Protein chains: 2
Amino acid sequence: MPVLTDQAAPDLFLSGLHPALGDGLLTSVTFLNEVAGRYPGALSLAAGAPYEGGWDLEDVHAALRRFCAHLRDDRGLSEAEVRRTVLQYGRTKGIVHELIARHLSLDEGIEVDPEAVVVTVGFQEALFLSLSALRRDPGDALLAVVPAFVGLTGAARLLGMPVVPVPSGPDGVEPAEVARAAREARRAGLRPRACCLVPDFANPTGSRMSLAQRTGLLEVAAAEDLLILEDNPYGFFPLDGTRLPTLKSLDRDRRVVYLGSLAKTVYPGARIGYVVADQVVAAPGGGRLLLADCLARAKSMVTVNTPPITQAVVGGRLLAHGGSLAAANRREARFYRDALTHLLDGLGRRFGPGSGVRWTRPAGGFFVTVEVPFEVTDTELERSAGEFGVIWSPLHHFYDSAAPLRLLRLSCSSLSPADAEAALDRFASFVGTVAAENGQRPAAGG
Amino acid sequence: MPVLTDQAAPDLFLSGLHPALGDGLLTSVTFLNEVAGRYPGALSLAAGAPYEGGWDLEDVHAALRRFCAHLRDDRGLSEAEVRRTVLQYGRTKGIVHELIARHLSLDEGIEVDPEAVVVTVGFQEALFLSLSALRRDPGDALLAVVPAFVGLTGAARLLGMPVVPVPSGPDGVEPAEVARAAREARRAGLRPRACCLVPDFANPTGSRMSLAQRTGLLEVAAAEDLLILEDNPYGFFPLDGTRLPTLKSLDRDRRVVYLGSLAKTVYPGARIGYVVADQVVAAPGGGRLLLADCLARAKSMVTVNTPPITQAVVGGRLLAHGGSLAAANRREARFYRDALTHLLDGLGRRFGPGSGVRWTRPAGGFFVTVEVPFEVTDTELERSAGEFGVIWSPLHHFYDSAAPLRLLRLSCSSLSPADAEAALDRFASFVGTVAAENGQRPAAGG
């Protein structure tokens, strides 16, 4: 494989390509993956990927067969029609829309016309299509909670859509902050179109919005004429087993576009997400269509359709559990509950009141934000990986800025209990060493 | 399911969404599919979809198993690593890049570093990412051969990228026309960045560029500082079994970005395409990266990665044939050769010199363009579907204009020989009826 040196004669200049491609936002995912790749012996408290312990490739075969049997037996398709459904070009909005609508009814109290569902290549395409559609011109802005997963702001950047930040922390998103950001956008001459957020166990803060915050947010959306893009990948994993209603289930006037991900609840490798877009769109001639159909038009120019083969795998998984994704994830929900409890307890056992280390105590999900008594840059991450054999995520990657922070994110999702214990030992050793070098004397303990 | 009436209170206005969503270009695919759906009894000479006759769902299972065995036996992965590769989040540029590079070497004489390959969700995402990257600002234009598949100009439209047409016909694309379009773009204050075309058996003209046209095009690309986006879905299906070299295999100075589709050669339902982007990009700080890595950054914001499950299916199919896609498609190549011969002969038997019907005689691929002695609008298509039970594609859908043409496209790819024969009978009956009603007296026959 040719190695690219600085002397290689260039064919193109990065400065001549899309400005987002040189953006730190788009390179930070690559950087974090690359660190993980360079230190294969390091234990990862960085990965937000789901736990692989219960996976079996035979389940993929079984799910595909089950979905095909469903087409044959429940839907009356001939063998040729089954083959066509799974292997040929197909419906732009997908082939498991009815199963997804049924899951939303069973598990989320969301009643939706299957025609309002567009099956996408993961959450990311659901977001990308939604933002594409909502951006009429460069004056259309997105309100986005920060800190947040880079894919959210990165998609807006690639689409040339300005992002107005909505500050958030361990206590969730305050509706008044969303209203303030909308007004700030208008003062800057922008049209705020939508606000994107994760109400349940957000990445990276782990925060959950209260019921009052949820209803307040819907009121703000109506008052400020905003759509809410609700992203819900972690809702099935509360610590105490109780769930709060999704924004979409509380939505009485179609203010919420619901962005679903099945990466954490089926397989990331299926790359199946979806968007529920039941908003009624008026066409110039007087006709009406669903926002979902507008998103499908955009999708036909981005990926044509979502691979029906992997839709079938997801469909089969749902069918095996009576259509309920919650039922399909009972074992996973227990695993993540134990893992988060273990992570929080483990931090408590290792960092006392005098350690200068504090952390959030989320009510569920995968993520804990940790404050340490020194600045956390990518250099500290490299050292932690190389010298201490443990990786985690510097929190500055979740902000649209390189300003150094004393914050990092730990994830409990991908390690076995024994590996998590070892990873925490290594992490404590790393933090203790760097804090001692810096001669930090913290004011208060965790 | 709720029916949307014109009286439904709208939540949004189409005029407030992305302008491309109301565009005829983006709705024409939907329209054509919808006609097919409304007349299920109609035989389709419209669909460019591959023939399903030889498909077997068990082959999907076998291909997935074969790829996993390859990871295990040839690449030495553990069971856990195999599961992770196929089911977990993974490499943005894909997991079958080495198999695709090997196929390109074996079948196309294209020698390429696997790191320059990005596996995408079909050809469409390969195109979309390439255009995204090449569009720095609204002054960056695409040169596109017309008539062409709507996905090509539709993607540019969604990205807000102006398209400068390069006229083409049954005799391929003249390099001088590309140069002329580049200069026209510059006169209009635009920067022509790339020219997108299908050198082999283009859709809808069926034309194949000669070797002289190919080398001439590469010279024009160098002289006008253009990239060539080469789309090659039909190259394996020449009538006489002989192939001309791809532009990429003739490319000596990395002018060609090669856009691959496996929809016609494996399954559309796998949604696997790829882009070969070996261009060297100079970063502002003095570093170098491959254009493929820039496309991967964009991809991480659009679909994150291509489903490894369906990559594995495609990988398994390649492995079953020694890595050669040509070998994997021997049966299909024979089928399409016979189908195109049958279509051309069938037209000859039905439309004599006095019929006023003429058609192209492509050297391969799926498509024949037919001129009829009356204007062909969507109304004629509706009538053909409803009264005569046969559908085809009005050629105006391949132009960025609603101007009526006397042209339509027939495809030979998806019908069995018996159905194709019946479809041609119905088509002849439709043409004869409408021509007689119009009282047309043509000047020359086909």
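Arg254(A) counts as partly exposed, at 31% relative accessibility; buried here means under 20% relative accessible area, exposed over 50%, and partly exposed in between (1.4 Å probe, protein chains only). The model is predicted, so local features need pLDDT of at least 70 and side-chain atom pairs count only at pLDDT 80 or more, while totals for chains, interfaces and linings use all residues. Residues are numbered from 1 along each chain as its sequence is written, chains are lettered from A and ligands numbered from 1 in the order in which they are written, and side-chain values use heavy atoms, with hydrogens and water left out.

**Positive phi values**

- Arg254(A) has phi near 50°, a positive value in a residue other than glycine.
- The residue Arg254(A) sits in the loop between helix 9 (247–250) and strand 8 (256–261) of chain A; helices (H or I, at least four residues) and strands (E, at least two) are DSSP runs, numbered from the N terminus.
- Asp225(A), likewise not a glycine, has a positive phi of about 55°.
- Asp225(A) belongs to the loop between helix 8 (211–223) and strand 7 (227–231) of chain A, and is exposed, with a relative accessible area of 52%.

**Cis peptide bonds**

- In chain A, the peptide bond from Val146(A) to Pro147(A) is cis, with omega near -5°. Pro147(A) is part of the loop between strand 4 (140–146) and helix 6 (150–158) of chain A.
- In chain B, the bond from Asn203(B) to Pro204(B) is cis, with omega near 10°. Pro204(B) occupies the loop between strand 6 (191–197) and helix 8 (211–223) of chain B.

**Helix 5 and helix 10 of chain A**

- Two packed helices are described by the angle between their axes and the distance between the axes.
- The axes of helix 5 (residues 122–134) and helix 10 (residues 291–299) of chain A come within 9 Å and cross at roughly 105°. Axes are lines fitted to C-alpha atoms, for helices over the stretch in contact, and angles run from 0 to 180 degrees between N-to-C directions.
- From helix 5 of chain A, Glu125(A), Leu129(A), Ser130(A) and Ala133(A) meet Leu295(A), Ala298(A) and Lys299(A) of helix 10 of chain A; contact means heavy atoms within 4.5 Å.
- Eight of the nine residues of helix 10 of chain A are buried, among them Cys294(A), Arg297(A) and Lys299(A).

**Helix 3 of chain A**

- Val82(A), Val86(A) and Leu87(A) are buried in helix 3 (residues 79–87) of chain A.
- These residues cover an arc of only 105° around the axis, which puts them on the same side of helix 3 of chain A; the arc is that of the directions from the helix axis to the C-beta atoms.
- The buried residues of helix 3 of chain A pack against helix 2 (57–73) and helix 11 (308–319) of chain A, together with helix 2 (57–73) of chain B.

**Gly122 of chain B**

- Gly122(B) lies in helix 5 (residues 122–134) of chain B and counts as buried, at 3% relative accessibility.
- Apart from its neighbours within four places in sequence, Gly122(B) is in contact with Arg271(B), Ile272(B) and Gly273(B).
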